[in-house]
Amino acid sequence: MLGAICALIAVMAGAFGAHGLRHIVDARGLEVFQTAVTYQMYHALGLILVGLLAATGLSQRLLGIGAGFFFAGIVLFSGSLYLIVLTDIRGIGPITPLGGVCFMVGWILLAVAALRR
């Protein structure tokens with residue numbers, strides 16, 4: 001469910017970026033916004049994958065923690081980029097890499113869950 005909701009929000013944000021922001025922010029801002037949308041969608045699909053893998057007998061604990069890291073990455077990485085573009089508050093920029101680390105940890109946990117099987 002969480003993956004589907006995050007994917008829906010990514011589609012909505014993408015449409016907003018393509019149509020609503022075109023005349024409001026510069027080309028770099030649109031590029032940053034698109035990066036946020038893209039990573040959100042990838043990791044929304046990752047959340048859906050985690051849900052599907054849970055039915056295969058992989059470690060529920062590792063999958064659950066990995067899903068938590070994917071969601072935290074969406075909030076921190078994509079969320080901070082959305083805020084930077086929409087509010088021009090640059091002080092939150094250091095949060096973005098933390099979200100990237102969350103994404104990486106989530107994928108590592110997915111790999112570990114698969115290897116342990």
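Guide: T96 has its place in helix 4, a helix here being a DSSP run of H or I with at least four residues, numbered from the N terminus. The model is predicted, with local features needing pLDDT of at least 70 and side-chain atom pairs counting only at pLDDT 80 or more, while totals for chains, interfaces and linings use all residues. Residues are numbered from 1 along each chain as its sequence is written, and side-chain values use heavy atoms, leaving out hydrogens and water.

T96 counts as buried because its relative accessibility is 11%, the cut-off being under 20% relative accessible area (1.4 Å probe, protein chains only). Apart from neighbours within four places in sequence, T96 is in contact (heavy atoms within 4.5 Å) with L76, F77, S80, L81 and I84.

Helix 4, residues 95-116, also packs with helix 2, residues 27-53, at an angle of about 25 degrees and with the axes 12 Å apart, the axes being lines fitted to C-alpha atoms over the stretch in contact, with angles from 0 to 180 degrees between N-to-C directions. Helix 2 is therefore roughly parallel to helix 4, a term for angles under 35 degrees. On the helix 2 side, Y39, H43, G46, L49, V50 and L53 meet F103, W107 and L110 of helix 4. These contact residues comprise 7 nonpolar, 2 polar and no charged.

Helix 2 has buried residues that include V32, F33, V37, H43, G46, L47 and V50, and its buried residues pack against helix 1 (2-20), helix 3 (60-87) and helix 4.

Terms used
Helix = DSSP H or I, 4+ residues; strand = E, 2+ residues; numbered from the N terminus. Parallel < 35°, antiparallel > 145°, perpendicular 65-115°, else oblique. Nonpolar A, V, L, I, M, F, W, Y, C, P; charged D, E, K, R; others polar. Buried < 20%, exposed > 50% of the residue type's maximum accessible area, 1.4 Å probe, protein only.
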